[in-house]
Amino acid sequence: MKSVLITGASQGTGYAIAQRFAEEGYHVFITGRDKSRGDAAAQALQQRYGIVTKAYETTAFDQQEVSAIFTDLENNGYLLDAIVLNAANLGIGQDSLTVSAEDFLGVYQINVLWNFLMAREAAKQMRQKGKGSVVFITSNSALRVTENRCAYCSSKSAINAMSKSFAVD
């Protein structure tokens with residue numbers, strides 16, 4: 001049976017994506033910042049669709065956390081068929097002239113670095129399998145500017161470029 005990891009999938013768009021994969025019979029693994037919400041989402045998917053699910057709490061958004069997720073998947077016999085990189089820091093209200101460096105980097109930490117680390121590890125697994133899909137969820141904000149969203153808009157542009165780089169690499 002196929003398996004997918006979806007980031008930011010304990011609610012909203014990510015959860016809707018998880019439901020769609022579950023409907024297709026995939027084992028669904030999700031990440032989210034809130035452990036109880038993630039566990040509840042995974043349990044609901046398992047009960048409704050009869051698939052294997054697991055939620056991973058993500059708070060550090062670093063290589064160690066990524067490695068732990070992929071090690072756990074592999075130790076349980078799962079090599080991903082697909083990954084959907086949906087998690088995002090929306091960076092709302094971050095005026096270009098007043099946003100702190102810490103807040104700006106917080107958006108990039110999740111939207112760019114986290115997505116890169118997750119995509120890279122998934123692509124390594126998929127290379128082992130000889131196939132797989134890496135899906136970056138971006139935004140029309142990558143192509144147009146939105147007031148008070150400098151970090152978010154520029155991070156989504158970075159994701160667009162990064163996805164093209166993954167395609168050629």
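**Packing and open space**

The lining of the largest pocket splits into eight nonpolar, 11 polar and four charged residues. The model is predicted. The pocket holds about 390 Å³ of space.

**Largest pocket**

- In total, 23 residues line the largest pocket. Nearest its centre are Gly 8, Gln 11, Arg 33, Ala 87 and Ala 88.
- Helix H1 (12-23), E2 and H5 each give two or more residues to this lining.
- H1 supplies the largest share of the lining, three residues.

**Second largest pocket**

- About 260 Å³ of space lies in the second largest pocket.
- Its lining consists of Phe 116, Arg 120, Ala 123, Lys 124, Met 126, Arg 127, Val 134, Phe 166, Ala 167 and Asp 169.
- By class, six of these residues are nonpolar, none is polar and four are charged.
- Both H4 and H5 contribute at least two lining residues. H4 gives the largest share, six residues.

**Cavity**

- One cavity of 30 Å³ or more is counted. The volume of the largest cavity is about 30 Å³.
- Thr 31, Gly 32, Asp 34, Lys 35, Gly 38, Asp 39, Ala 55, Tyr 56 and Glu 57 line the largest cavity.
- Strand E2 (27-32), helix H2 (35-49) and strand E3 (53-57) each provide two or more of those residues.
- The cavity lining has four charged, three polar and two nonpolar residues.

**Nonpolar cores**

- In soluble globular proteins, nonpolar side chains tend to be buried together.
- The largest nonpolar core here has 23 residues. Phe 70, Leu 80, Ile 83 and Met 118 have the most contacts inside this core.
- H4 provides the largest share of the core, seven residues.
- Another core, of 18 residues, lies apart from the largest one. Among its members are Ile 17, Val 28, Ala 42 and Ala 82.

**Contacts of Ile 83**

- Which residues does Ile 83 touch, not counting residues up to four places away in sequence? They are Val 4, Leu 5, Phe 70, Met 118, Ala 122, Met 126, Ser 133, Val 134 and Val 135.
- Phe 70 and Met 118, in that list, are also named with Ile 83 among the residues with the most contacts inside the largest core.
- Met 126 and Val 134 touch Ile 83 and also line the second largest pocket.

Notes
Residues numbered from 1 in each chain as written. Predicted model: local features only at pLDDT ≥ 70, side-chain atom pairs only at ≥ 80, totals over all residues. Heavy atoms only, no water. Core = buried A, V, L, I, M, F, W, Y, C linked by side-chain atoms within 4.5 Å. Buried < 20%, exposed > 50% of the residue type's maximum accessible area, 1.4 Å probe, protein only. Helix = DSSP H or I, 4+ residues; strand = E, 2+ residues; numbered from the N terminus. Contact = heavy atoms within 4.5 Å. 1 Å grid on protein atoms, 1.4 Å probe; cavity = no way out; pocket = protein on both sides within 12 Å on 5 of 7 lines; lining within 4 Å. Points joined across faces, edges and corners; volume = space filled by probe spheres on them. Nonpolar A, V, L, I, M, F, W, Y, C, P; charged D, E, K, R; others polar.
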